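Take a first walk through this model. Start with the helices, then move to the ligand and the backbone.

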Amino acid sequence: MVRVVVLISGSGSNLRAFLDGCAAGTIPAEVVAVGADVDASGLDHARHYGIPTFVEQFARGDDRDEWGKRLADTVASFDPDLVILSGFMRLVPPVFVHRFAPMLLNTHPAYLPEFPGAHAVRDAFEAGVPETGASVIVVDDGVDTGPILAQRRVLIREDDTEQTLHDRIKVVERELLADVVRDIANREHAIEEN
Ligand code: GRF
């Protein structure tokens, strides 16, 4: 079973889907903790499952590397095999990335390298393109520049709003993330067997 720590910043609908998948046994992983950089409402999903939560605030004027090391130490204290950023809206500094990558994933609501950054859905929507997508990547020191592990196209409909488009993209993000974690679990299982 892959031990996972998930980091969020918002409502955590993707987190909830992941937790439900783990509970249903369709995702061979155990979420051992859920953290956030703010008191995110999505932490309630972890509490629903009795999973430990933590908040590592990034206070104004905080040193990013100092915050990143604190966050890395807290995440590492749960002994994860894998760390997933799921709607975590703060750039993790190199000190954090180098602690966990390549077992450090991020889901992004665009077909990278198209539309990187914090406003991917809005940018695609405003670009007037016919389609965008969702991606799961390994986090590196750049902004959404890491190796792409999975991605899929999402069509933009005439009657879409940014919200309806994002909601459809999130469904694909959840499916891609579940597939990637299943692959990791199968690979780990294969390694243990050999
Ligand atoms: C997701 O689309 C994620 O890719 C992006 O922010 C959204 C988080 O949504 N970074 P939620 O908090 O899981 O509902």
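What follows covers helix packing, the ligand surroundings and some backbone features.

This is a predicted model, in which local features need pLDDT of at least 70, side-chain atom pairs count only at pLDDT 80 or more, and totals for chains, interfaces and linings use all residues. Residues are numbered from 1 along each chain as its sequence is written, and side-chain values use heavy atoms, with hydrogens and water left out.

Two packed helices are described by the angle between their axes and the distance between the axes. Helices (H or I, at least four residues) and strands (E, at least two) are DSSP runs, numbered from the N terminus. Axes are lines fitted to C-alpha atoms, for helices over the stretch in contact, and angles run from 0 to 180 degrees between N-to-C directions.

Begin with helix 1, residues 13-24. Its axis comes within 10 Å of the axis of helix 6, and the two cross at roughly 40°. Helix 1 and helix 6 are therefore oblique to each other. (Angles under 35 degrees count as roughly parallel, over 145 as roughly antiparallel, 65 to 115 as roughly perpendicular and the rest as oblique.) The crossing of helix 1 and helix 6 is right-handed; that is, the near helix is turned clockwise from the far one by less than a right angle. Helix 1 brings S13, N14, A17 and F18 to the contact, and helix 6 brings K170, E173, R174, L177 and V181. Contact here means heavy atoms within 4.5 Å. The residues of this contact divide into 4 nonpolar, 2 polar and 3 charged. Ala, Val, Leu, Ile, Met, Phe, Trp, Tyr, Cys and Pro count as nonpolar, Asp, Glu, Lys and Arg as charged, and the others, Gly among them, as polar.

Helix 6 (residues 162-193) also packs with helix 5 (residues 120-127). Their angle is about 120°, and their axes are 10 Å apart. The crossing of helix 5 and helix 6 is right-handed. V121, R122 and F125 of helix 5 meet E162, L165, H166 and I169 of helix 6.

Now turn to the ligand. Which residues are around the ligand? They are S11, G12, S13, N14, G87, M89, T107, H108, P109, H166, K170 and E173, each with a heavy atom within 4 Å. A side-chain N or O atom of S13 is 2.5 Å from an oxygen atom of the ligand. For K170, a polar side-chain atom lies 2.8 Å from a ligand oxygen. T107 uses a backbone N or O atom, 3.1 Å from a ligand oxygen.

Finish with the backbone. Most residues other than glycine have a negative phi, and most peptide bonds are trans. The A101 to P102 bond is cis, with omega near 5°. A cis bond also joins L112 and P113, with omega about 10°. D79 is not a glycine, yet has a positive phi of about 55°.

Notes. A polar contact is a pair of N or O atoms within 3.5 Å; within protein, one must be able to donate a hydrogen and the other to accept it, and residues adjacent in sequence count only if both atoms are side-chain atoms.
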